[in-house]
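Hi,

Here is the structure I promised to pass on to you. Have a look at it first, and then read my notes below.

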Amino acid sequence: MSESGMSLKADRNLVMELVRVTEAAALACSSWIGRGDKNAADGAAVDAMRRAFDAVAIAGTVVIGEGEMDEAPMLYIGEKVGLGGPEMDIAVDPLEGTNICATGGPNSIATLAVAEKGGFLHAPDIYMDKLAIGPGLPEGVVDLDASPEENLRELAKAKKVSINDLMVCTLGRDRHKPLIEACRRAGARITLLPDGDVAGVVACAQEDSGIDIYMGSGGAPEGVLAAAALRCTGGQMQGRLLYEDDAQIARAKEMGITDPHRKFLVEDMAKGDVMFAATGVTSGAFLRGVRRTKTGAVTHSIIMRSKTGTVRYIEGHHNSQRKPGSFFA
């Protein structure tokens with residue numbers, strides 16, 4: 001078999017291993033859905049994801065994780081994961097939407113992305129202003145430096161629809177009130193997320209999600225994860241870091257960001273061969289949540305590869321009776 005054929009086979013095997021990692025995290029934290037303890041839910045997902053990585057044949061380094069080593073006991077930035085193999089960068093969010101999971105709301109997911117070494121932007125844990133649209137549109141049709149009204153006008157023109165037909169997705173935060181008002185004045189509709197902007201960005205690249213554009217600020221690490229998904233689907237995204245003080249600017253420079261005010265494009269945040277996986281914890285715009293059954297649980301996941309542009313949805317039926325001591329609480 002040729003080297004390229006071997007590489008293709010290895011990629012296919014790896015992407016299936018990655019979805020097993022997100023499944024493990026989703027199953028583990030599903031016991032905490034609606035129980036009001038976001039820390040316990042997050043802890044269960046982190047622990048399960050880390051253990052699942054022990055069976056993956058990579059030499060991975062977490063570059064987007066739960067925090068610094070002194071802040072997070074597991075899956076911290078710089079942690080090594082995997083059995084050994086090709087060197088790869090790892091971006092993880094074992095439970096995106098901890099509050100959502102704790103309250104039983106929609107759109108919490110377990111997610112991760114993998115890239116060749118050096119493939120991910122090393123983003124500090126601060127806010128990022130984000131703008132994202134799906135694939136098949138002219139490059140630069142929307143711009144982070146344009147007003148919401150301008151972006152909606154240009155997007156509607158590119159999609160050959162009325163602005164009234166556009167659905168904008170953003171986090172429901174006080175800081176977004178001017179953005180929301182501007183979009184409504186322009187005639188667009190709004191869907192507000194309580195948390196979980198990775199799911200929101202990814203949904204705008206899914207044809208049947210009903211979401212046309214994502215706007216607003218959220219976590220920078222989540223921005224990198226979302227960019228990884230859009231690298232696989234061909235969507236467009238722009239992001240710019242937002243700082244609260246000089247210490248955050250200094251931290252960004254320590255992580256290799258020489259221009260603190262740079263506008264990052266998708267390939268600035270996730271370049272090279274990228275794989276993305278996510279499993280629904282609670283049902284949302286593009287994934288169904290974990291569903292308990294008499295014999296175990298059913299999971300709904302998505303896997304993507306930038307090399308081929310393939311997007312697969314996987315429904316997993318997990319039999320806890322055949323796997324005692326599994327991730328079920």
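**What I found**

Let's start with R231, which is in contact with V266, E267, A270, K271, G272, D273, V274 and S306, leaving aside its neighbours within four places in sequence; contact means heavy atoms within 4.5 Å. Before going on: this is a predicted model, where local features need pLDDT of at least 70, side-chain atom pairs count only at pLDDT 80 or more, and totals for chains, interfaces and linings use all residues. Residues are numbered from 1 along each chain as its sequence is written, and side-chain values use heavy atoms, with hydrogens and water left out.

R231 sits in helix α7, residues 220–233 (helices are DSSP runs of H or I with at least four residues, strands are runs of E with at least two, both numbered from the N terminus). Its side chain reaches the backbone oxygen of A270 at 2.8 Å.

Is R231 buried or exposed? R231 counts as buried because its relative accessibility is 17% (buried means under 20% relative accessible area, exposed over 50%, partly exposed in between, with a 1.4 Å probe and protein chains only).

Next, G196 is in the loop between β7 (189–193) and α6 (197–203). At 8% relative accessibility, G196 is buried too. Not counting residues up to four places away in sequence, G196 touches E96, I100 and L171.

Y127 belongs to strand β5, residues 127–133. Y127 comes out as partly exposed, since its relative accessibility is 37%. Beyond four places in sequence, Y127 touches residues including R175, G219 and R240.

Cheers

Definitions and conventions
A polar contact is a pair of N or O atoms within 3.5 Å; within protein, one must be able to donate a hydrogen and the other to accept it, and residues adjacent in sequence count only if both atoms are side-chain atoms.
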